[in-house]
Amino acid sequence: MTTSTTGSETSTDPAEREAVVGEDGLGRCPWAVTHPLNRECHDTEWGLPVRGEQALFERIMLEAFQPGLSWLTILAKRPAFRAAFADFAPEAVAAFTDEDVQRLMGDAGIVRNRMKIEAARTNARAVLGLREHGGLDRLIWSHKPGSTPVPRTVSEAPTQPPGSKALAAELRSYGFRFVGSTTSYALMEAIGMVDTHLVGCHRRGSSGEHDTR
């Protein structure tokens with residue numbers, strides 16, 4: 001298959017792919033050109049700064065539900081997740097009963113993984129507890145690194161840098177579950193703490209959080 005990229009030649013190795021230039025003349029990260037939902041997320045949301053307790057709780061939980069599935073699956077189910085989890089309002093999710101967990105296990109619109117559903121309740125309670133320690137927003141953004149990667153190809157984008165391990169460890173110390181270093185780094189990327197848009201992607205630098213030159 002031939003795909004137009006920012007480079008002079010197209011690599012057949014997915015890991016070596018550069019930003020893909022679309023019909024609109026804009027370069028995008030390769031994952032963004034595989035489906036309209038991916039493209040919309042990439043162009044309007046992914047990598048932009050996210051602040052606030054409820055918004056960050058939602059992002060944590062969506063990332064926690066994703067392992068083993070494609071991000072496209074999570075995006076497609078996002079409206080159902082929001083309906084099932086009360087728009088990820090921490091107070092509401094923290095109050096879920098075992099009956100609520102069982103109800104959610106019967107909801108085909110979401111990912112029906114009991115351990116992760118129960119973790120959503122546990123994590124919501126941890127969010128409430130964090131209010132006495134500066135809050136979720138403060139905790140997460142305190143781990144913003146001083147610099148960001150400069151990946152030209154997919155393979156150059158890190159998947160588990162040291163900063164994500166520290167974030168995961170602090171979240172777990174407050175009782176969070178399903179927040180390993182890989183999930184934490186995916187969160188950092190999604191909310192703009194690091195910029196892993198590829199060089200050649202028109203969204204690179206859009207977070208404004210780092211000098212990406």
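Biologist: How many helices and strands does the secondary structure of the chain come to?
Modeller: Bear in mind that this is a predicted model, where local features need pLDDT of at least 70 and side-chain atom pairs count only at pLDDT 80 or more, while totals for chains, interfaces and linings use all residues. Residues are numbered from 1 along each chain as its sequence is written, and side-chain values use heavy atoms, with hydrogens and water left out. Elements are DSSP runs numbered from the N terminus, helices being H or I with at least four residues and strands E with at least two. On that basis the count is 9 helices and 2 strands.

Biologist: In what order do the elements of the chain run?
Modeller: Start from the N terminus and read along. The run is β-β-α-α-α-α-α-α-α-α-α.

Biologist: What percentage of the residues in the chain is buried?
Modeller: Buried means under 20% relative accessible area, exposed means over 50%, and partly exposed is in between, using a 1.4 Å probe and protein chains only. Out of the 213 residues, the buried share is 44%.

Biologist: Among contacts between residues at least 6 apart in sequence, what share joins residues at least 24 apart?
Modeller: A contact here is heavy atoms within 4.5 Å. For pairs at least 24 apart in the chain, the share comes to 65%.

Biologist: How far apart do the centres of the positive and negative side chains lie?
Modeller: Lys and Arg count as positive, Asp and Glu as negative, with His and the chain ends not counted. Each charge is placed at NZ of Lys, CZ of Arg, CG of Asp or CD of Glu. There are 24 positive and 27 negative side chains, and the centres of the two sets are separated by 3 Å.

Biologist: What distance separates the end C-alpha atoms of helix H6?
Modeller: The expected span of a helix is 1.5 Å times one less than its number of residues. H6 covers residues 114–130, which is 17 residues, so it should span 24 Å. The model agrees, with its end C-alpha atoms apart by 24 Å.

Biologist: Which helices do the buried residues of H6 pack against?
Modeller: The buried set of H6 includes Ile117, Ala120, Val127 and Leu130, and charged types too, among them Lys116 and Arg121. Their packing partners are helix H2 (53–65), helix H4 (90–94), helix H5 (98–105) and helix H7 (135–141).

Biologist: Is Phe88 buried or exposed?
Modeller: Phe88 lies in the loop between H3 and H4, and its phi is near 60°, a positive value in a residue other than glycine. Its relative accessibility is 1%, so Phe88 counts as buried.

Biologist: What is the phi of Ala86?
Modeller: Ala86 sits in the loop between helix H3 (71–84) and H4. With a relative accessible area of 33%, Ala86 is partly exposed. Although Ala86 is not a glycine, its phi is positive, at about 50°.

Biologist: Leaving aside neighbours within four places in sequence, which residues is Asp87 in contact with?
Modeller: Asp87 belongs to the loop between H3 and H4. It counts as partly exposed because its relative accessibility is 46%. With the neighbours set aside, the contacts of Asp87 are Gln54 and Arg82.

Biologist: And Ser155, leaving aside neighbours within four places: which residues is it in contact with?
Modeller: Ser155 is in the loop between H7 and helix H8 (162–173), and at 39% relative accessibility it is partly exposed. Ser155 and Asp13 are 142 residues apart in sequence, yet their C-alpha atoms are 9.7 Å apart. Beyond the neighbours in sequence, Ser155 is in contact with Ala15 and Glu16.

Biologist: What distance separates the C-alpha atoms of Asn113 and Phe65?
Modeller: Asn113 is placed in the loop between H5 and H6, and it counts as partly exposed at 27% relative accessibility. The two residues are 48 apart along the chain, and their C-alpha separation is 8.2 Å.
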